Amino acid sequence: MVEQFIFIAMLAVGIGLFVGRIRKIRRNIFLGRPQTINDRKAERWKTMARVALGQSKMVVRPLAGFFHILIYVGFVLINIEVLEILLDGITGSHRIFAPFLGGFYVVAIGFFEVLALLVMLACIVFLVRRLAGIPARLSSNQVKGWAHTDAMLILGIELVLMSALLLMNAAEGAMPNASVAPFLVSGFICPWLSGLSEPTLHLIERTAWWFHAAGILAFLNYLPFSKHFHIALAFPNVWYSKLEPKGKFFNHEAVKKEVELMMNPAADPYAAPTEGAEPIKFGAKDVVDLSWKQLLDAYSCTECGRCSSECPAHQTGKLLSPRKIMMDTRDRLEEVGRNIDTHGVGHSDGKSLLGDFITEEELWACTTCNACTQACPVNIDPLSIIMDLRRELVLEQSKAPGSLTAMFNNVENNGAPWPFSPADRGNWRNGSTT
Amino acid sequence: MAIFACRPGKLAQRLNNLNQNKVDITNKPIPSMAELAAEGKVPDVVFWVGCAGSFDDRAKRVTHQIARILQHAQLNFAILGEEESCTGDPAKRAGNEFLFQMMAFQNIQVLNGYGVKKVVTGCPHCFNTLKNEYPDLGGHYEVVHHSTLIQSLIDEGKLRVSGGAFKGKKITFHDSCYLGRANDIYEAPRSVLEALDADLAEMKKSRAQGLCCGAGGAQMFKEAEKGSGEVNHLRAEQAVETGAQIIAVGCPFCHTMMSDGIKHLNKESEVQVLDIAEMIGHGLQ
């Protein structure tokens, strides 16, 4: 009874804290501009099934993809055993599923144990890979410090949790009058425990059980502070991702109206402005000028760096790194969120995403080639953020590099990015070269 | 001759080569939309030449070959000539949405004024903008890149090509970002090259994983940011690694960037950069 009470209290606190944090992330995401995404639903479900559920873009790099799928499948299926732990804790039962499944129970737990072992194998591979700094994207400067610690913690916690699960099962299997037979994997640990008395084995089993249950709740609460939150956000993020051709950049609505007024003699300059007369912004200076989807992108990023390793600018040593764009967006958004928590809405800390986090030099290095959006396993779009910040520089701050300003002038005056006379456009037909 | 390319030594150099490369002009006249309209005629297709195709001398040779191919296939086409303007692609990608939409507005007025239904272009940037970004602004056309058009002309039997000079030659195709990743067109240019009986070799990064030439997003019109290397040098290295004698391209900017990359590697005597239209043009029967 006491145990049940403690467990339920622990569960309530764990879930309560988690929900609180999720609400905060949700609030932060919706600090972004509104954007309606609810078209082509069937296609969105299919994309989510393929990319998020089916991990189709992970396996572009087969080795990392394979080990990632081990952890992913392991995580999803072992949750069935976690469900049993939860039910046992709440009801005070022991292995509540066993009587229902009979002989199959041992097989099922054995299967989960195999998964746990594979998860541990994958975690060790990933740990070694990170410590060795292979590939380079996992050891670059952007993922030093907290990002590295975060990655190590995630892998470490997963290893410890899986070990606790196996130890718990082993202690159970080693008991002389165990109600369930030794399991497939933990059965191999049983001989090591054979010299121990039954109360000791019971103590080990209970300790491992509590450790695992508390560990899961702790990990659950660690998730939304970590890049590991991608395990949840990957799904909505892919669902809401861009379905149009990658080359299609959206046409800014506010600009459309202005150009219409300027160019179309039939346009009515006195037409009533649309409701909510907020000053029109043509670009993004801070995270709140980005759309909620772009902010969801930032929380969905797991900092794998595939985007940056495919980025032509990054590969040739320029400052630009699409991964840094996403990490900066998230860091700044978290900062803005903390400001709201401490000072309330409307407080300005005088900082902004553009300038304090992302520099002009980074933005101008982008070739808009879409290698980053292609590489991202969860369809994050760093390019759209780069474009919004570029628009801010050009349209709000008039800060284009001189050569681009010259190009703009040429396009505007000559109808070509070079200063040729528009009258000569057809001259190629007669072999003339000017 | 006045040349003010913003990439001194890159485009300007190309433009200065004009005397060495006599243009292979078509012998039939190419009408403009205005000329046809004066005669009360409407062509089936508008050939959108693009700025590079109109003014860059290396790209003009590609333009001639595209025109030759269209004539050879007996397509009823015309150009806009002086009524054509920059689509606004470089302005948009550089953040100048205003200028882009102004250019789009003008171009759409011209195209809609002539009742244009179908557009073919040799520039993936023009192609992408016309196809994807103009509809929302009132410009609805069937837009094809020349590689797609050439492929369908071959498939329909309207173009008969033979390998000729390219038979058995090792060729690698460089995917343009705005054709490949941007619009998922990977096979059309490759199947066109296959029609030449060439030996196609893929670079280690190709199709959806292809590396940019470094010119997109208005980079063509500015110096690159500081770094440890140049994107086009890296891409040229990847192309040379295949052992190909010819790098096939489908974009005037890729063309310039890859040629410069090959020069940087001192390989210009061994490796040629050619647009697929030039290769098909040579193989026309």
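Colleague: At about what angle to β4(B) does α7(B) run?
Modeller: In this predicted model, α7(B) lies across β1, β3 and β4 of chain B. The helix covers residues 124–133, and β4(B) covers residues 142–145. The angle between α7(B) and β4(B) is about 160°.

Colleague: What is the hand of the β-α-β unit that β3(B), α7(B) and β4(B) make?
Modeller: The two strands of the unit, β3(B) and β4(B), run parallel and are joined by 4 bridges. Val119(B) stands opposite Val143(B) in β4(B). With α7(B) between the strands, the β-α-β unit is right-handed.

Colleague: In what order do the 4 strands of the open sheet in chain B stand?
Modeller: Start with β3(B), which has 4 bridges to β4(B) and 3 bridges to β1(B). The edge strands, pairing on one side only, are β2 (77–78) and β4 of chain B. The pairing in the open sheet is parallel, and the order is β2-β1-β3-β4.

Colleague: Which residue in β3(B) does Phe47(B) stand opposite?
Modeller: Strand β1(B) spans residues 45–48 and runs parallel to β3(B), residues 118–121. Val46(B) stands opposite Val119(B) in β3(B). Phe47(B) stands opposite Val120(B).

Colleague: Is chain A as compact as a globule or more spread out?
Modeller: Chain A has 19 helices and 0 strands. For its 434 residues the globule rule gives 22 Å, but the radius of gyration is 28 Å, well over that value, so chain A is more spread out than a compact globule. Its C-alpha trace spans about 95 × 50 × 40 Å along the principal axes.

Colleague: What is the radius of gyration of chain B?
Modeller: Chain B has 12 helices and 8 strands, and its C-alpha atoms fill a box of roughly 50 × 45 × 40 Å along the principal axes. The globule rule gives 19 Å for 285 residues, and the value for chain B is close to that, so chain B is as compact as a globular protein of that length. Its radius of gyration is 18 Å.

Colleague: What percentage of the 285 residues of chain B count as buried?
Modeller: A residue counts as buried if 20 or more other C-beta atoms lie within 10 Å of its own. In chain A, buried residues make up 41% of the 434 residues. In chain B, the share that counts as buried is 60%.

Colleague: Which helix gives the most to the side of chain A that touches chain B?
Modeller: The contact takes 58 residues from chain A and 66 residues from chain B. Helices that each supply at least two residues of the chain A side include α10 (253–263), α18 (382–396) and α19 (402–414). With 7 residues, the helix that gives the most is α19(A).

Methods: Residues are numbered from 1 along each chain as its sequence is written. Chains are lettered from A and ligands numbered from 1 in the order in which they are written. This is a predicted model: local features need pLDDT of at least 70, side-chain atom pairs count only at pLDDT 80 or more; totals for chains, interfaces and linings use all residues. Two strands pair if DSSP finds at least two bridges between them. A crossover is right-handed if, with the strands pointing away from the viewer, the path from the first strand over the helix to the second runs clockwise. Two residues are in contact if their C-beta atoms, placed from the backbone, lie within 7 Å. Axes are lines fitted to C-alpha atoms, for helices over the stretch in contact, and angles run from 0 to 180 degrees between N-to-C directions. The radius of gyration is taken over C-alpha atoms; the globule rule is 2.2 Å times the number of residues to the power 0.38. A residue is buried if 20 or more other C-beta atoms lie within 10 Å of its own, exposed if 12 or fewer, and partly exposed in between; C-beta atoms are placed from the backbone.
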